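Here is a friendly set of notes to keep beside you on a first look through this structure. Please take the points in order, with the model open.

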Amino acid sequence: MTRLKQILISTMARARPLVLGAAISLLALPTAADMPGPTLEGRAVLPVFTLAPGPPSGAALAGTTNGITFPLPSQPVEGFSAVLEGREPGEYLAMPDNGYGGKGNSKDFLIRAYHIKPDFKTAEGGSGTIEVRDFIQFSDPDHLLGFPIVREDTAERWLTGGDIDPESLQRDHNGDYWMGEEFGPWILHFDASGRLLHPPFEIPGVRSPNNPFLDGQPNTHPNSRGFEAMAISPNGKYLYAALEGPVLTDSNKFRRYIYQFSIDARALTDSVWEYKTENTSYMIADMSALDDNRMVLIERDGGLGLNAKFRNVYLIDLRKVGSDGFVEKNLAVDLTRITDPDLISLPPIHEGDIGLGNPFSVVCESIEAIHVLDGQQLLLGCDNNLPNKGRNPGLADDNEFILVRVPGLKSIK
């Protein structure tokens, strides 16, 4: 054997383990496919028949529907369309919408936001119950709305579901509240006690059939498709309010508009984004900011129970707009199939409950509240649209809040 041949064989023998070792290292590197998917981390349920102090409610629904008999002796705590941080760790402020789904049947439903403290059922324990604490009562004592309200001649002028339809709520750095509303649609500004501070902020040319200022002119937006979603930037400078449905005159029924509102200027800016839904009937249900440019957004169908087949959480980046003019979106969570390896959602609360176990499914008609807890955890809440059903085919829906862990949420591309 020649000296050159010996050198070559020796070199190859030494190199072979190194090459093999390198291959093993490369194969061991994690990929996107190796990342765990969204997982149910906690669940808490508020019974549908939970009442708070106040006058009787639900007179327009007199009778029994899905096990609930109306009118109710006081105010129901139900139908959460917004959730944000509370006053202490573990407490949240949750806001119901206008009550029973319509302007006419919700005149005795008071517009409030309730401080709640869920004891989430998790893999480590927890009762899965929710403590309802005190509340903020929204009012217009200074007659700023500009039209007669249901409680027009009362001293306190509390607002009701016959006056406004609140769907989203944010708190600014001064402690004031900003509400996304559908009857206008408007953005409404309240102080920390719930007192209206300014006349409604409207979107020029966008008016629903419930707008009291139509003056005989045709509406330009469908009923109940106004500001369902509204996020606030972490720097406290801007609100981002999204229309739930399309403008009537828009030939593209997939298009939904997102408007930027300056809190300091108390006015819309010139920045408007276009979002494309997966179906013309799908709705933007809520948004929450990850940072000053990126947000999580719920897009959902109108189904309930077994017909609740599409409700996705997407991540959008307002700096990224496609060649088609629509903001780009990336799937973060499919709420119809959330992994529940620890079976947190079981056992059922009511006999016949559906969508429980692994996977867990959000089957309420309206999943309308989302709040970013940290870079990997989301809190979501249902609007049960009392007395609608969903989780159970024979009973009115309870109010559900769920914690979903989304590994790498802030790095989703």
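1. Let us start with charged side chains. Arg87, Glu88, Glu91, Lys117, Glu131, Arg133 and Asp134 are linked in a network of salt bridges. A salt bridge here is a side-chain nitrogen of Lys or Arg within 4 Å of a carboxyl oxygen of Asp or Glu. By this rule the count comes to 24 salt bridges.

2. A word on the basis of these notes. The model is predicted, so local features need pLDDT of at least 70 and side-chain atom pairs count only at pLDDT 80 or more, while totals for chains, interfaces and linings use all residues. Residues are numbered from 1 along each chain as its sequence is written, and side-chain values use heavy atoms, with hydrogens and water left out.

3. Arg133 lies in strand 9 (residues 129–137) and Glu88 in the loop between strand 6 (80–85) and strand 7 (92–96), so the pair ties together parts that are 45 residues apart in sequence. Strands are DSSP runs (E, at least two residues), numbered from the N terminus. Arg133 is partly exposed, with a relative accessible area of 25%, and Glu88 is partly exposed at 37%. For these words, buried means under 20% relative accessible area, exposed over 50%, and partly exposed in between (1.4 Å probe, protein chains only).

4. Are Asp301 and Arg311 buried or exposed? Asp301 counts as buried at 8% relative accessibility, and Arg311 is buried at 0%. Their side chains meet in a salt bridge of 3.1 Å, N to O. Asp301 sits in the loop between strand 19 (294–300) and strand 20 (311–321), and Arg311 in strand 20, 10 residues apart.

5. Another pair to look at is Arg319 with Asp317, a salt bridge of 2.9 Å, N to O. Arg319 counts as exposed, at 56% relative accessibility, whereas Asp317 counts as buried, at 6%.

6. Next, strand 1. Six of the eight residues of strand 1 (residues 39–46) are buried, so this strand is largely enclosed by the rest of the structure. Seven bridges join strand 1 to strand 24 (residues 399–405), and the two run antiparallel; two strands pair if DSSP finds at least two bridges between them. To find the pairing on screen, look for Gly42, which stands opposite Leu403 in strand 24.

7. What is the order of the strands in the open sheet of four? The order is 10-11-12-13, with antiparallel pairing. Strand 10 (166–171) and strand 13 (201–202) are the edge strands, each pairing on one side only. Two bridges join strand 12 (residues 186–190) to strand 13, and Ile187 stands opposite Phe201 in strand 13.

8. Some backbone details deserve a check. Most residues other than glycine have a negative phi, and most peptide bonds are trans. A cis peptide bond joins Phe70 and Pro71, with omega about 0°, and Pro71 is found in the loop between strand 4 (68–70) and strand 5 (75–76). Gly184 and Pro185 are also joined by a cis peptide bond, with omega about -5°; Pro185 is in the loop between strand 11 (177–181) and strand 12.

9. Asn66 has a positive phi of about 50° although it is not a glycine. Asn66 is in the loop between strand 3 (63–65) and strand 4, and is partly exposed at 24% relative accessible area. Arg266 has a positive phi near 50°; this residue lies in the loop between strand 16 (255–262) and strand 17 (267–276) and is partly exposed at 40%.

10. On a 1 Å grid over the protein atoms alone, a cavity is a set of points where a 1.4 Å probe fits but cannot get out, and lining residues have an atom within 4 Å of a point. Residues lining the largest cavity include Arg43, His350 and Asp397.

Methods:
On a 1 Å grid over the protein atoms alone, a cavity is a set of points where a 1.4 Å probe fits but cannot get out, and a pocket is an open set with protein on both sides within 12 Å along at least five of seven lines; lining residues have an atom within 4 Å of a point.
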